[in-house]
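Me: I am new to this structure and would like to go through the terms used for it. Please set each value against its definition.

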Amino acid sequence: MQAVELKLKQASAVLGVEPKDLQNLVQFKVLRPTRRDGLYWFDNQLLLEAKVAFYLKESLGTSTEVLARFTQVLSTSLRKAQVNKLRYLWLRSLPARGREAVEVRIPVRELANEIEEQLPRADVYQDLPRGRKRPGWKRHIARSLEAAAGNLSGVTESQIVETIGAYRADKKRLPEITVARSRKSA
């Protein structure tokens, strides 16, 4: 994996999440990126930690407190291990009363490959300063809208509404939870 250093907005584009969602993970100390010149910077390891945190959040719907603890443990183990050699990583959470641990298997290599594939997105999402718009922004938006309108020729309004509805329904879909039996005898 090539070494990168991305700003928050670029990192969110690579991860495929909204910048506000990534900012929330930083704000709640789930992720701890380095801060220079008032900006958060994400390297390869932190991108993978963020990807795993969003994976866990999407899969388990865990609270930020639990996500922060998982990510902290994950961070130390990722420093020791070579990510491209790991296929899976197991997180075990032992209840306070000493019962048997709950295990979560995370496909680390697959998530790292997703990040690698999405790295070119960082160039598209320039982290522009607030305030003044860049020169020619109105022309650029007008050209983009004209191109989009040309691409939508022949598409009815009902098809657009249906597509938007399907997208929203897919985002609301709950994760699939299955039970797998252990092959070892207890």
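Reply: Start with aromatic pairs: rings of Phe, Tyr and Trp pair if their centres lie within 6.5 Å, and planes under 30 degrees apart count as stacked, over 60 as edge-to-face and the rest as tilted. This is a predicted model, and a search of the whole structure finds one aromatic pair.

Me: Why is the pair of Tyr88 and Trp90 given the name it has?

Reply: The ring centres of Tyr88 and Trp90 are 6.1 Å apart, and the planes stand at 50°.

Me: What makes Tyr88 and Trp90 buried or exposed, or something in between?

Reply: Buried means under 20% relative accessible area and exposed means over 50%. Tyr88 has 24%, so Tyr88 is partly exposed. Trp90 has 45%, so Trp90 is partly exposed too.

Me: Which charged end sits over the ring of Tyr88, and how do you know?

Reply: That of Arg105, at 4.0 Å from the ring centre. The definition asks for CZ of Arg within 6 Å of the centre and within 35 degrees of the ring normal. Arg35 is likewise placed over the face of Tyr40, 4.8 Å from the ring centre.

Me: What makes β1 and β2 edge strands?

Reply: The open sheet has three strands in the order β1-β3-β2, paired antiparallel. β1 (6-7) and β2 (34-36) each have a single partner strand, so one side of each has no neighbour in the sheet.

Me: How do you know that β1 pairs with β3?

Reply: Strands pair if there are at least two bridges between them. Two bridges join β1 to β3 (residues 39-42), and the two strands run antiparallel. Lys7 stands opposite Trp41 of β3.

Me: What makes a set of residues a nonpolar core, and which residues have the most contacts inside the largest one?

Reply: Its members are buried residues of nonpolar types such as Leu and Phe, joined through side-chain atoms within 4.5 Å. The largest core has 35 residues, and those with the most contacts inside it are Leu22, Leu31, Phe42 and Leu47. Among the elements giving two or more residues to this core are α1 (8-15), α2 (19-27), α4 (64-80) and β5 (102-106). α3 gives the most, with eight residues.

Me: Which residues is Phe42 in contact with, leaving aside neighbours within four places in sequence?

Reply: They include Val4, Leu6, Ala11, Leu22, Val26, Leu31, Pro33 and Leu47.

Me: How many helices and strands does the protein chain have?

Reply: It has eight helices and five strands, and along the sequence they follow the pattern β-α-α-β-β-α-α-β-β-α-α-α-α. Of the 186 residues in the protein chain, 25% are buried.

Notes:
Residues numbered from 1 in each chain as written. Predicted model: local features only at pLDDT ≥ 70, side-chain atom pairs only at ≥ 80, totals over all residues. Heavy atoms only, no water. Helix = DSSP H or I, 4+ residues; strand = E, 2+ residues; numbered from the N terminus. Phe/Tyr/Trp six-rings, centres within 6.5 Å; stacked < 30°, edge-to-face > 60°. Buried < 20%, exposed > 50% of the residue type's maximum accessible area, 1.4 Å probe, protein only. Contact = heavy atoms within 4.5 Å.
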